[in-house]
Amino acid sequence: MSRITRLSFSFGGALVVAIASFGAKGASFGGSGDAASFAAPSQMAEQASPADPNALRICAAKNQPPLSMEDGSGLENKIGVALAEAMQRKAQFVWSQRPAIYLVRDSLNKNLCDVIIGLDTGDPRVATSKPYYRTGYVFVSRADRGLDVKSWTDPRLKKLGHIVVAFGSPGEMLLKDMGQYEDNMAYLYSLVNFKSPRNQYTQIDPARMVGEVVSGAADIAVGFAPDVARYVKSSTIPLRMTLIEDDATKSGGEKVPQRFDQSVAVRRADKALLAEIDSALVAARPMIDEILKAEGVPLLPVTQ
């Protein structure tokens, strides 16, 4: 894991920094321009049209539930619409078939679009806005289990059965440091049909992560809150979702962050656009807060 981003993984021997989290569906749109925004046929990143000065070209993954989906129901799609309306522009989503981790390299840096919603504040590849919300990783368990685990320091974690974590995440790093990963590795790989994340982009579906807890196959799931909140909220089995305390360290003393500010990203040279976004985020904040609340994402005070 890099210092700033919340997820990283090895790909063909190189370090690929992940800029997005992973999950499914969404609450209804808030705002007036959203329906028209998604009524037109989908536009792939490889075929993006010239920039419209009255539009906000948003880089987006076509199938990255629950954050981004072509029908506009993703959490970050809704936030993008709210931001565009606050800027008095129309949200124009430039869709990519590839996972969201590739949006900076394959879409933003190629000038196919101008904005990415939902990167960690301070991501060194881009210029980021002032944070518009802060959240973190969560423990998810069945309410009837009574597992009120709040920290990676809780000794009960070493006594649990299966623990679901995302590949390349802080949770995976800490499981390895605790000596618990080997006991979970075969189980985790079974959730992705034994595909190796070292040779291709592979990630456990957040809906599957929560579903494993619901079924009892896993004692706890560890996910980034925006990825899993929708599934926790919609579960017919009562679940407990607890923000993880930001006190995790590896055995050598290295801090492993659990909480992150979220920002809008632009190319480093787009200073005027970034200033416009920062101003619009102030106006859009009430709508964004409502979107996050409807999704069930637990919020923390931003640090900047």
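Residues are numbered from 1 along each chain as its sequence is written, and side-chain values use heavy atoms, without hydrogens or water. Because the model is predicted, local features need pLDDT of at least 70, side-chain atom pairs count only at pLDDT 80 or more, and totals for chains, interfaces and linings use all residues.

I begin with the helices. Helix 6 (residues 206-215) packs against helix 7 (residues 225-234) at an angle of about 50°, the axes being 9 Å apart. Helices here are DSSP runs of H or I with at least four residues, and strands are runs of E with at least two, numbered from the N terminus. The two helices are therefore oblique to each other; angles under 35 degrees count as roughly parallel, over 145 as roughly antiparallel, 65 to 115 as roughly perpendicular, and the rest as oblique. Pro 206, Ala 207 and Val 210 of helix 6 make the contact with Asp 227, Val 228, Tyr 231 and Val 232 of helix 7, where contact means heavy atoms within 4.5 Å.

I turn now to the aromatic rings. The structure holds 8 aromatic pairs; rings of Phe, Tyr and Trp (its six-membered ring) pair if their centres lie within 6.5 Å, with planes under 30 degrees apart stacked, over 60 edge-to-face and the rest tilted. Phe 93 and Trp 95 form a stacked pair, 5.3 Å centre to centre with 15° between the planes. Tyr 137 and Phe 260 have ring centres 6.3 Å apart and planes at 75°, so this pair is edge-to-face. Tyr 137 lies in strand 9 (residues 133-142) and Phe 260 in strand 13 (residues 259-266), 123 residues apart. Tyr 137, Phe 224 and Phe 260 form one aromatic cluster.

Conventions
Axes are lines fitted to C-alpha atoms, for helices over the stretch in contact, and angles run from 0 to 180 degrees between N-to-C directions.
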